[in-house]
Amino acid sequence: MMATVKKTSESFSSMPKIHAITAHDAWTILSTEPNASLIDVRTPEEWNTVGIADLSSLQKEVQLISWRTLPGMQVNNAFAQELTARAAPAAPALFLCRSGA
């Protein structure tokens with residue numbers, strides 16, 4: 001599941017707009033938007049088992065920030081702080097997760 005978040009001036013102006021997009025669309029955004037980030041929110045176990053996207057041809061790195069942690073799938077309380085430190089403000093942020101949950 002891939003989603004991108006963009007600020008919008010629609011009804012909830014302070015809330016980002018979330019869109020589900022294809023892998024092709026994600027690649028297009030990452031390759032054309034210089035500050036766009038790919039944030040992989042899966043667990044380290046999933047990164048090790050399934051792998052991590054290769055953005056080296058774009059001279060970018062995937063930002064690995066788990067949304068939930070094992071055991072028990074607890075929410076990562078430092079997620080927002082880690083995201084703020086790694087993603088460019090006001091730039092497209094694309095989130096990658098396994099289940100869409």
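Guide: Relative accessible area sorts residues into buried (under 20%), exposed (over 50%) and partly exposed (in between), with a 1.4 Å probe and protein chains only. This is a predicted model, in which local features need pLDDT of at least 70, side-chain atom pairs count only at pLDDT 80 or more, and totals for chains, interfaces and linings use all residues. Residues are numbered from 1 along each chain as its sequence is written, and side-chain values use heavy atoms, with hydrogens and water left out.

Visitor: What makes W67 buried, exposed or partly exposed?

Guide: W67 has a relative accessible area of 37%, and as this value lies between 20% and 50%, W67 counts as partly exposed.

Visitor: Why are W67 and F79 called an edge-to-face pair?

Guide: Rings of Phe, Tyr and Trp (its six-membered ring) pair if their centres lie within 6.5 Å, and planes under 30 degrees apart count as stacked, over 60 as edge-to-face and the rest as tilted. The centres of W67 and F79 are 5.0 Å apart and their planes stand at 85°, so the pair is edge-to-face. F79, at 10% relative accessibility, counts as buried. W67 belongs to the loop between β4 and β5 and F79 to helix α3 (residues 79–86), so the pair ties together parts twelve residues apart in sequence.

Visitor: How do you know that D40 and R42 form a salt bridge?

Guide: The term requires a side-chain nitrogen of Lys or Arg within 4 Å of a carboxyl oxygen of Asp or Glu. For D40 and R42 the closest N and O atoms are 2.6 Å apart, so the pair qualifies, and both D40 and R42 are buried.

Visitor: What makes E82 and R86 a salt bridge, and where do they lie?

Guide: Their closest N and O atoms are 3.7 Å apart, which is within 4 Å, so E82 and R86 also qualify. Being four residues apart in helix α3, the two are separated by about one helical turn. E82 is partly exposed at 24% relative accessibility, and R86 is partly exposed at 37%.

Visitor: Which residues make up the largest nonpolar core?

Guide: It has eleven residues, including I21, A26, L38, V62 and L96, and α1 (23–32) gives the most to it, with three residues. V62 is in contact with L38, D40, I52, A53 and L55, leaving aside its neighbours within four places in sequence.

Visitor: How confident is the predictor over residues 3–12?

Guide: On the pLDDT scale, which runs from 0 to 100, the values over residues 3–12 stay under 50, whereas the protein averages 83. Where pLDDT is low, the predicted coordinates should not be read in detail.

How values were computed. Contact means heavy atoms within 4.5 Å. A nonpolar core is a set of buried Ala, Val, Leu, Ile, Met, Phe, Trp, Tyr and Cys residues joined through side-chain atoms within 4.5 Å.
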